[in-house]
Amino acid sequence: MIFSELYSAYYNTVAAVLREAVRRPLGKGELRAIVEENAFGESVLNVIPALTGQKWRLLLPDGSTPLENVPTMPKTTLEKRWLKAVCSDPRMRLFSDSLPDYPDVEPLFTQEDFRVFDKYSDGDPYEDENYIKTFRLVLDAVKNKYPLSIEMTGRSGGTTRFTLAPGYLEYSEKDDKFRLIGRGKVYGKTVNLARIVKCEKYGKPFDAPKNESDSEKRDVVFILTDERNALERAMLHFAHFEKEAERLDGGRYRVRVTYRKEDETELVIRVLMFGPMIKAESPDSFVELIKERLIKQKNCGL
Amino acid sequence: MAYSELIKNFNNIRDYMREFYVYGFKSRDEYTKKSARSYDDERRRLESWLGDYMRFRRAPDGKNVFLSIDSRVTRHNPLYKAWKAKSFTDGDVTLHFILFDILDTPEKELTLKELTDRIDDALSAFDGPRTYDASTVRKKLNEYIAEGIVESRKDGRTVYYRRAGDPDGIETDALSFFSEVAPCGVVGSFLLDKEKEKESNFAFKHHYITGAADSEIVCSLFCAMNEKRAVDIEYISRRNGGKTELGLIPLRIMISAQNGRQHLMAYSPRFRRITSYRADNIVSVTPTDVCPDFDALREKLDGMEKNLWGVSTQGFSGKRLEHVEFTVRFDPEEKHIPQRLEREKRCGRVERVGENAARFSADVYDASELIPWIRTFICRITSLEISDKELEARFKSDLDATYALYGLEGDVDE
């Protein structure tokens with residue numbers, strides 16, 4: 001069962017408190033800091049009185065505990081089943097060659113038990129040895145914050161070499177691709193991992209520029225007419241953006257979606273997916289991009 | 001009952017979470033038709049768990065509360081927090097930590113009597129010690145045996161208890177990644193909570209997090225599939241709010257990377273066909289009998305995939321299959337367009353029609369599922385034919401309506 005107190009923020013918080021209290025008595029300030037760090041916004045109102053008031057008989061009045069060991073709990077069957085299931089995912093090889101086995105449990109699911117049915121078919125080659133090697137080096141560079149010297153094939157087939165200060169890895173389930181987001185002088189900030197031909201540690205100091213303009217955020221506002229279940233479809237479709245919806249009259253809604261400038265073309269296409277159920281209202285530049293496509297379509301003779 | 005940050009039942013909060021996150025335009029009055037207090041409590045809980053993402057707006061009909069989350073920025077799904085808010089008793093939490101303090105290694109085995117005595121010892125440090133009777137301790141141990149964290153061994157009439165072994169997990173980076181992309185990823189999040197390093201090196205684009213609310217349902221369906229069992233599900237109709245009980249044989253979970261919905265593909269013995277059911281409309285799952293036909297039914301579903309665009313196995317026309325084909329044109333420098341058709345198609349075929357045009361065609365169960373995708377090629381569609389002529393006409397009239405929305409009726413020049 002997933003919904004269990006064994007996995008709860010409160011149990012984890014109490015474990016964090018006891019981890020310290022088995023070593024030495026805890027002061028009130030320390031106790032509060034641990035609860036604030038591990039539990040929810042209002043939890044201090046419950047957890048601290050329960051522990052100090054000895055409703056939960058785990059902490060003595062001087063902040064020590066009668067417990068002798070740092071609290072630990074073995075993995076539950078559910079956790080082992082989930083781990084066994086994800087170990088059969090081809091992407092797991094990116095992280096390690098030797099995977100743990102859990103012989104006493106069945107996997108929670110197999111690759112035959114589910115499908116991500118609408119992801120694109122040209123995903124990254126997770127079983128390619130060169131790709132795996134690149135992935136591991138890039139991840140290490142992200143973790144240890146060192147620059148990389150990268151050789152990559154461009155869209156036209158030519159090769160580019162550049163140095164990049166890695167920031168983080170970004171994965172898109174729809175594209176089924178990893179991208180490295182970083183900062184470089186010659187090349188933009190996004191590098192598709194599958195396009196990297198060669199990658200090595202850049203041994204010299206590298207003064208990376210900021211790429212702030214690429215992350216510029218913009219808002220698009222559109223009017224949605226709730227016909228053919230468009231409201232639910234659109235709200236789910238745009239759910240991963242920061243957004244705000246407001247009800248107007250006559251089954252219409254005004255929706256504001258915040259997106260990044262570099263994703264504008266994609267967003268134009270996604271708005272068009274909803275046909276006459278969505279009308280982009282602002283900004284004008286976005287509306288113009290929609291109109292451009294519609295005008296071209298009118299001249300396609302359909 | 002006094003307000004508590006923790007909850008006993010997940011279903012109420014599941015609905016509120018979805019409403020606040022997916023929609024977020026309803027006023028308090030609309031939620032309070034059933035119970036004003038329930039709304040206030042659930043809103044307060046969500047604010048406590050997800051305060052950083054709560055937003056408020058004044059509207060003519062009152063204050064609206066909504067969740068606004070840019071899932072490309074948040075490295076861990078914030079909705080998982082709701083799964084970590086299960087309530088418990090004072091006795092539960094005390095007993096849990098004392099039990100595992102006593103059973104500190106898998107090598108240590110104790111009888112129920114020995115355990116109860118040791119628990120009393122631990123509690124004797126407190127004024128007015130609380131004692132746990134043997135039946136309470138036995139009940140808790142049995143719960144933990146079911147969860148796999150305690151093991152028991154019988155020797156004659158004596159039962160010995162010990163903590164279960166704890167095999168290695170996977171490394172933190174893999175946990176961070178799979179807790180976001182694998183089904184029932186919340187379980188990975190539970191494991192991640194126990195790790196020292198919680199910062200993730202991964203961000204996620206096009207990342208739909210709403211499925212988190214349906215984790216228990218999907219988990220129960222996976223368990224049933226693993227045992228090749230049929231299930232009884234309670235299914236809610238979003239149109240009228242009515243609940244139906246359905247007997248099904250679950251065959252596969254279909255997950256959308258383009259809207260985050262999770263669907264169950266299942267065989268209905270009553271209707272004798274394979275149909276899809278939205279996971280967020282399933283209220284409960286009860287496993288029933290082992291189904292001897294499971295393998296044959298799954299094979300049937302495998303065979304259906306070549307004609308399945310999304311999850312629908314029946315179109316509006318009532319025909320078994322519908323034919324769809326459309327042609328797009330592109331400029332010589334737009335080589336990515338035929339590539340787009342190839343990589344985005346889920347079934348069917350793409351063929352070049354001359355130098356600068358490509359045609360997609362497919363036979364599918366439900367042609368209406370392709371319409372949004374076909375619209376993504378607006379600006380280059382030169383022909384469209386659908387065997388369901390009503391649907392074809394609607395595509396074209398929708399296009400005319402879209403032109404009209406932007407004042408583009410009549411002739412326009414590029």
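User: Happy to dig in! Which helices do the buried residues of α1(A) pack against?

Analyst: Good place to start. This is a predicted model, where local features need pLDDT of at least 70, side-chain atom pairs count only at pLDDT 80 or more, and totals for chains, interfaces and linings use all residues. Residues are numbered from 1 along each chain as its sequence is written, while chains are lettered from A and ligands numbered from 1 in the order in which they are written. Helices (H or I, at least four residues) and strands (E, at least two) are DSSP runs numbered from the N terminus, and contact means that C-beta atoms placed from the backbone lie within 7 Å. The buried residues of α1(A) pack against α2 (28-38) and α3 (44-52) of chain A, together with α4 (90-102) of chain B.

User: What span does helix α1 of chain A reach from its first C-alpha to its last?

Analyst: The helix covers residues 9-21, which is 13 residues. The expected span is 1.5 Å times one less than the number of residues. That expectation is 18 Å, and the helix comes close to it, reaching 18 Å.

User: Is Y16(B) buried or exposed?

Analyst: Y16(B) sits in helix α1 (residues 11-23) of chain B and touches E42(B) and L46(B), not counting residues up to four places away in sequence. A residue is buried if 20 or more other C-beta atoms, placed from the backbone, lie within 10 Å of its own, exposed if 12 or fewer, and partly exposed in between. Because Y16(B) has 21 C-beta neighbours inside 10 Å, it counts as buried.

User: Which element gives the most to the side of chain B that touches chain A?

Analyst: The contact takes 113 residues from chain B and 102 residues from chain A. On the chain B side, the leading contributor gives 8 residues, and that element is α4(B).

User: How many residues on that side of chain B are nonpolar?

Analyst: Here Ala, Val, Leu, Ile, Met, Phe, Trp, Tyr, Cys and Pro count as nonpolar, Asp, Glu, Lys and Arg as charged, and the others, Gly among them, as polar. The side of chain B that touches chain A has 26 polar and 31 charged residues, and its nonpolar residues number 56.

User: Which residue is the bridge partner of V116(A) in β8(B)?

Analyst: Two strands pair if DSSP finds at least two bridges between them. Strand β1 (residues 114-116) of chain A and strand β8 (residues 243-255) of chain B run parallel and are joined by 3 bridges. In β8(B), the partner of V116(A) is I255(B).

User: Why is strand β12 of chain B largely enclosed by the rest of the structure?

Analyst: β12(B) pairs in the antiparallel sense with β14 (residues 357-364) of chain B over 8 bridges, and F326(B) has F360(B) as its bridge partner there. β12(B) also pairs antiparallel with β15 (residues 381-386) of chain B over 5 bridges, where V324(B) stands opposite I386(B). The strand, residues 322-329, is largely enclosed because its buried residues are 6 of the 8.

User: What radius of gyration does chain B have?

Analyst: The C-alpha trace of chain B spans about 90 × 55 × 45 Å along its principal axes. The radius is taken over C-alpha atoms, and the globule rule is 2.2 Å times the number of residues to the power 0.38. For a compact globule of 414 residues the radius would be near 22 Å, but chain B has 27 Å.

Key: Contact = placed C-beta atoms within 7 Å.
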